[in-house]
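Let's sit down with this structure and learn to read a few of its features. Have the sequence and the 3D view open side by side.

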Amino acid sequence: MSWKNTTIQLAIAFILGLTVLLLPRPEGTRFEIIGDPQAKVLASMEGLFDLAPNGGKTKKGYLVDALKPDDPACTAQALADKAEELGLTDVKVEYVNGLSPKGKTFLAVVVFLVFLFIFEPIPLEVTAICIGVLLVATGVGDLKSTWAAYMHPVVVFIMCCLIFAIALEKAGITKRLSASIARRAGNSVTKFTFILAVGLGLASAFMHDAAAAAIGIATMLPLMRAAGINPGTNTARFMMLSVPFACSCGGMGSLVGGGRTMVAAAFLKEFTGIEIDFIDWLIYAMPLSIICVPAAVLVVYLVFRPDPKFKLPEYDEDPGPLTPLEKKTLIIVGIGFLLWLTKGFHGLHYSITGMLCVAGLVLFNVLNWEDIHRDLEWGTVLFIFGGGIAMGLAMDSSGAARYFANLFFPLVQGGGWIILLSGVCVFGALVTNVMANVAAAAMILPIVLPLAQLEGVDPRIMALGLGTATSFAMLLVIGCPPNAIAYSFRQFKAFDLTKAGLVATPVLLVLLLAGAGIWWSILGLV
């Protein structure tokens, strides 16, 4: 019986998850006590716990170290029981260098789900629904917050991007764009893909990477159909994966390219008082984006060599002036992009301004509800990406993310800026595949910024490194919005993306670190 059999693959996934669940759980020796400003819990457990070095103070509470790690009285549960005994109902005990029971259960669930996401024994939409089911059933997540993630503001934003793409295609804008590129590329699939993917990738620094990916794929699909390029072929894989990979890399070029860059800059200012403004980030990161965008497309090309027999149709005729429908569409979508670009001024979330423009598209008869209902890939938007957000939030709330961060970063401490930066970039690029890059940045920076300052490393290096490296979420469909958007058009399998990502991620990390080392040295940052 083939291992590709659905039953066998589900059994393998279950065995892997069960194996993780049966492994011993590291209790750790350091814990954070929150909600106990007078340190009553610590005082009542004298001889078993002591304050962590440097006073043990944190923003939320204080850190304690177990004096007798093997003693059952020196555990997180013992601290929680003591707080309850003292009547301190608001006190919380969190693991720092250990893994909570909930965190271990989460890891077992993740191993099970990631296997399903890569090998697709069942439809990804069903797997994504199972994220919510398993998180609640195992007690990792609570009912309301878990299902709320499936309508997270980011999910609504992705929905807006796809509806914009539907409008641009219906109005004929994407056909006009594809014809313009095709006239420059001739009938070459490779040239056309490079021009479109690289162009939109660089544009992603100034328009959200998800929106750029949606437009690029909507532009590409009609030409693929006209050329007879079928789903699941290397040519389709090359064309469809080049766009999300390029757009993800391009988004790191400026502070408006994606939330990860804004969060990195915000945490840098909050923890150190150092500010990186729009121009500063552009100077430091845009050259790295210019290197990584074409490199990402080249990697996809080398992994999935397109078949040279496919030729794109020739476009010699003049497309003529813009039609009234095209003008209306461009104005409304353009207003949407402008509102996204100026979010820092008006404060409205992308989902709010995006849906306002969707209403405008319907109000001015660019789209009707049937267009949206028929052409929007609801399963991808609501379930696949919503499930990814639910999993990322659970990774944070269960303590699993914090455990791995505290386990990993001491390993790179003391090696200078390049080792610390490498550790930040590698860890950020990996963890952002299972949790939102914004959440990854918010989790990692509070840990590494103090490490950088202790070693005399400019903390801007850590913020810039993490803000750029978390752009490389290329291993799973749920890794980032461009991946999910590309997958929604059903031109490749989830494993195809993982296969390309396994090559692209290390290549791009090496280019990023080498480019940063040279460029930031020239600028005097290192």
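**Reading rings and helices**

A: Let's begin with one side chain in this predicted model: phenylalanine 164 has a relative accessibility of 2%, so it counts as buried.

Q: Which ring pairs with phenylalanine 164, and how are the two planes set?

A: The partner is phenylalanine 337; the ring centres are 6.2 Å apart and the planes stand at 75 degrees, so the pair is edge-to-face. Phenylalanine 164 belongs to helix 7 and phenylalanine 337 to helix 14, so the pair ties together parts 173 residues apart in sequence. At 21% relative accessibility, phenylalanine 337 is partly exposed.

Q: Which residues make up the ring cluster?

A: Ring pairs join Phe157, Phe164, Phe337, Trp340 and Tyr350 into a cluster.

Q: How many aromatic pairs are there by this rule?

A: The count is 16. One of them is phenylalanine 119 with phenylalanine 495: with centres 5.7 Å apart and planes at 20 degrees, the pair is stacked. It links helix 4 to helix 24, across 376 residues.

Q: How are two packed helices described?

A: By the angle between their axes and the distance between the axes. Here, helix 20 and helix 22 pack at about 30 degrees, with axes 8 Å apart. An angle under 35 degrees counts as roughly parallel, so helix 20 and helix 22 are roughly parallel to each other.

Q: Which residues make the contact between helix 20 and helix 22?

A: Among them are Trp417, Leu420 and Val424 of helix 20, and Ile461, Met462 and Leu466 of helix 22. By class, the contact has 10 nonpolar, 2 polar and no charged residues.

Definitions and conventions: Residues are numbered from 1 along each chain as its sequence is written. This is a predicted model: local features need pLDDT of at least 70, side-chain atom pairs count only at pLDDT 80 or more; totals for chains, interfaces and linings use all residues. Side-chain values use heavy atoms; hydrogens and water are left out. Axes are lines fitted to C-alpha atoms, for helices over the stretch in contact, and angles run from 0 to 180 degrees between N-to-C directions. Helices (H or I, at least four residues) and strands (E, at least two) are DSSP runs, numbered from the N terminus. Angles under 35 degrees count as roughly parallel, over 145 as roughly antiparallel, 65 to 115 as roughly perpendicular and the rest as oblique. Contact means heavy atoms within 4.5 Å. Ala, Val, Leu, Ile, Met, Phe, Trp, Tyr, Cys and Pro count as nonpolar, Asp, Glu, Lys and Arg as charged, and the others, Gly among them, as polar. Rings of Phe, Tyr and Trp (its six-membered ring) pair if their centres lie within 6.5 Å; planes under 30 degrees apart count as stacked, over 60 as edge-to-face and the rest as tilted. Buried means under 20% relative accessible area, exposed over 50%, partly exposed in between (1.4 Å probe, protein chains only).
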